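User: I'm new to this structure and would like a close look at how its inside is packed. Please start with the overall layout and then take me into the core.

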Amino acid sequence: AIIWCWSTRGTAAHPAARASQASAGFSLTEAMIVVVLVLMIGGGFLVMLMSQQRASTMADNSVQLQQEARRALETITSDLREANPAAITCGAGAGGCGGANDTRLNFQVARSYAGGVVTWGGDATDNWFLHYAILPATASRPAQLVRYNDAAASTANIASCTPTPPASCRVLANNIDAGQVDFVWDAAAKAVTVTLATRMQSSALPGGQQSSGPVRSRIRLRNS
């Protein structure tokens with residue numbers, strides 16, 4: 001008699017088949033998930049680096065703008081200490097100071113002291129009368145604050161300070177924010193309040209520009 005025996009256990013996989021399954025690697029779906037995760041992490045790092053770089057640029061620009069405005073204020077303060085309180089005007093003519101956004105300041109300076117008497121300079125001689133003015137921005141340069149000490153300081157002469165300033169004219173600050181500049185003369189207190197602000201324009205900055213904010217100084221005249 002023939003006896004048939006059936007095994008209920010599955011047939012063992014061939015060793016070569018097991019090796020093939022082990023070396024199959026990632027599926028397409030798994031590879032795509034890995035790529036997406038790498039891109040997300042890399043993009044996050046890139047955004048963080050760009051944000052830090054922008055913040056650093058803005059901080060550097062802010063310091064530079066503030067320093068430029070303060071240097072200009074120091075020069076104005078030094079000159080105004082010697083100004084004649086009876087001969088301070090704002091604007092292109094002989095108008096009084098205190099209007100909205102006066103962008104021109106004119107004043108006499110002391111020539112000499114003798115016997116307690118001050119001899120004042122006049123606008124007919126160089127360095128005896130000083131003019132501070134804001135030159136509006138043009139297509140080739142930003143707005144500028146200039147110091148003009150030549151005789152007969154007409155508006156046209158002051159405007160000639162750029163692009164090549166003569167010896168009688170000095171550019172004190174570039175990138176002036178003309179909308180935040182003001183000279184206010186307080187005749188009762190014999191003091192001038194000067195407000196300056198600088199602004200930098202660049203496509204790398206948020207909104208395309210950055211302002212230093214107003215820097216203000218109240219200067220009491222020494223010869224008052």
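Analyst: Helices here are DSSP runs of H or I with at least four residues, strands are runs of E with at least two, and both are numbered from the N terminus. Counted that way, the protein chain has 3 helices and 11 strands. Read along the sequence, they follow the pattern α-α-β-β-β-β-β-α-β-β-β-β-β-β. Keep in mind that this is a predicted model, where local features need pLDDT of at least 70 and side-chain atom pairs count only at pLDDT 80 or more, while totals for chains, interfaces and linings use all residues. Residues are numbered from 1 along each chain as its sequence is written, and side-chain values use heavy atoms, with hydrogens and water left out.

Now, the inside. Of the 224 residues in the protein chain, 34% are buried (under 20% relative accessible area with a 1.4 Å probe, protein chains only; over 50% is exposed, in between is partly exposed). A nonpolar core is a set of buried Ala, Val, Leu, Ile, Met, Phe, Trp, Tyr and Cys residues joined through side-chain atoms within 4.5 Å. The largest one holds 28 residues, and Ile76, Leu80, Leu105, Phe107, Leu145 and Val194 have the most contacts inside it. Helix H2 (28-80), strand E1 (83-90), E2, E4, strand E6 (169-173), E7, E8 and E11 each give this core at least two residues. H2 brings the largest share, with 5 residues. Apart from this core there's another one of 7 residues, among them Ala133, Leu135, Ile158 and Cys169.

Let's zoom in on leucine 145. Leaving out residues up to four places away in sequence, leucine 145 touches Ala72, Ile76, Tyr132, Ala133, Ile134, Arg170, Val171, Leu172, Ala173, Ile176 and Leu196, a contact being heavy atoms within 4.5 Å. Beyond four places along the chain, leucine 172 touches Ala72, Thr75, Tyr132, Leu145, Val146 and Arg147. The C-alpha atoms of leucine 172 and arginine 147 are 6.8 Å apart, although 25 residues separate the two along the chain. Over the whole chain, contacts between residues at least 6 apart in sequence include 56% that join residues at least 24 apart.

Next, the rings. Phe, Tyr and Trp rings (six-membered ring for Trp) pair if their centres lie within 6.5 Å; planes under 30 degrees apart are stacked, over 60 edge-to-face, the rest tilted. Searching the whole structure turns up 1 aromatic pair. Phenylalanine 107 and tyrosine 132 have ring centres 6.1 Å apart and planes at 15°, so they count as stacked. Phenylalanine 107 sits in strand E2 (residues 104-114) and tyrosine 132 in strand E4 (residues 129-135), so the pair ties together parts 25 residues apart in sequence. Phenylalanine 107 is buried at a relative accessible area of 0%, and tyrosine 132 is buried at 0% as well.

Finally, one of the sheets. Strands pair if DSSP finds at least two bridges between them. In the order E7-E8-E11, 3 strands make an open, antiparallel sheet. Its edges are strand E7 (182-186) and strand E11 (215-220), each pairing on one side only. Strand E8 (residues 191-196) joins E11 in the antiparallel sense over 6 bridges, and alanine 191 stands opposite arginine 220 in E11.
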